[in-house]
Structure formats: C-alpha cells, structure tokens
Amino acid sequence: GVGAAGADMHFLVGNNGATEAMTLLNNGNVGIGTASPGAKLDILTPDNIHGLKLTTSGFGATTYVGIDFNTHNSILGTSDSSFRVQRDDSVVTKAQNMIFMPGNGTTPTERMRIVGANGNVGIGTTTPEVKLDVQGTDTAVRVKGSTRGRLSLSTTNQTGWQIEVSDTNGNQGAGDLGFTENGVAGGRFVLKKGGNVGIGTT
C-alpha cells in the first residue's frame with residue numbers, strides 16, 4: 001500500500017498483510033526487514049540469519065560470484081574507480097577462494113585472497129603457502145603502535161616470546177629492539193640502536 005504521508009510504498013505479506021516485507025521510501029531508499037531504511041538498500045535480519053546471499057548457476061572450470069563497488073563520474077560518464085570482492089570456485093579444484101580486487105576504471109586487479117581450503121592469506125600472491133604470505137618487488141610488513149610496536153610469537157602450549165620496539169619500556173631503551181619471554185619479568189635479549197647487544201642486561 002501507499003503510506004498516508006510522504007508517498008512511501010509498503011509491501012505487505014502474510015494473513016491480511018500482517019507483515020511488512022519491504023519498504024520503498026519516497027527518497028528512493030529500500031528497506032527489507034526495516035520500515036526506515038537509511039541507505040539505498042538497508043537489510044535488517046534477526047540474529048544468525050544471512051542478510052544477503054549471492055549464488056551463481058555457472059558450472060565450469062572457473063566460476064565466480066561477487067560484488068562490485070564503483071564510483072561514477074556523472075560529468076564524463078565514466079567509472080573512476082572500482083573495488084570487487086569475489087568468491088571463485090571450480091568444479092575441478094573446489095577452490096572456494098575469497099578475492100579482493102581494487103582497481104581504476106573497470107579493470108580491478110587482485111591484491112589479496114583468502115584460500116578456502118586452508119585459510120591462508122596471500123598479499124601479492126595467488127598461492128599463499130603459509131597463514132600470511134606477503135610477496136612483492138619491495139616487500140615489507142609493518143607493525144606500528146603509538147608507543148610500542150610488538151610482535152608476539154607463541155604456540156598453543158607455549159607462552160612464547162615478544163619482539164618489540166618502544167618509546168619507553170623498562171626492559172630496554174627507547175628505540176632499541178628487545179626480545180622478551182612472555183610471563184617473565186625483564187628482557188632476555190636487547191639490540192641497542194648503536195649496535196651493542198645485551199643478554200640479561202638492557
């Protein structure tokens with residue numbers, strides 16, 4: 001039916017239209033599960049219910065389904081940038097990978113993927129061999145905090161170690177590289193900015 005004010009449209013289902021399934025506001029916003037959509041498509045679902053499902057009927061060596069995000073230049077009539085999130089599959093390999101593809105215009109390029117078979121994440125590679133595999137011509141991984149950059153290494157049964165650089169820390173001087181055993185007071189090993197190495201002393 002049509003709302004009494006604002007010429008909104010309400011799509012009702014169920015016994016005597018007891019349930020409002022979808023709402024189209026006069027500003028163009030569409031709501032599914034909500035009568036007051038705050039975006040062009042606003043979906044509200046109960047807990048543990050998927051709000052949106054995409055399925056492809058393709059059946060071949062390579063099939064995929066995804067979502068494209070684009071900005072459009074209304075003056076030139078061109079797409080200036082795009083971002084694609086894509087899930088690919090194969091009747092041969094059952095890959096089930098999730099691929100992230102930013103780009104300019106209409107040709108997004110793969111930058112990261114999550115491999116469905118093992119959960120490995122690849123940046124700069126389509127075949128990550130470990131949980132996080134970063135590859136490139138000039139590759140770096142940065143861990144940066146406002147006062148401390150820290151990398152923690154451990155196993156399920158071992159508390160492990162922390163490798164860190166900090167502005168101020170009792171285990172080492174500011175800017176030094178320190179190795180600390182988790183759960184043990186004081187640093188085990190420190191590399192000073194000047195090149196000196198300390199074991200059992202900071």
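User: What does pLDDT stand for in a predicted model such as this one?

Analyst: pLDDT is the predictor's confidence in each residue, on a scale from 0 to 100. This is a predicted model, in which local features need pLDDT of at least 70, side-chain atom pairs count only at pLDDT 80 or more, and totals for chains, interfaces and linings use all residues. Residues are numbered from 1 along each chain as its sequence is written, and side-chain values use heavy atoms, with hydrogens and water left out.

User: Where in the protein is confidence lowest, and where is it highest?

Analyst: Strands here are DSSP runs (E, at least two residues), numbered from the N terminus. Confidence is lowest in strand S6 (residues 78-89), with a mean of 74, and highest in strand S9 (residues 121-123), with 95. For the protein, the mean pLDDT is 82, and 83% of the residues reach 70 or more.

User: Why is asparagine 48 called exposed?

Analyst: Exposed means over 50% relative accessible area (1.4 Å probe, protein chains only). Asparagine 48 has 81% relative accessibility, so this residue counts as exposed. Asparagine 48 lies in the loop between strand S4 (41-43) and strand S5 (63-73).

How values were computed
Helices (H or I, at least four residues) and strands (E, at least two) are DSSP runs, numbered from the N terminus. Buried means under 20% relative accessible area, exposed over 50%, partly exposed in between (1.4 Å probe, protein chains only).
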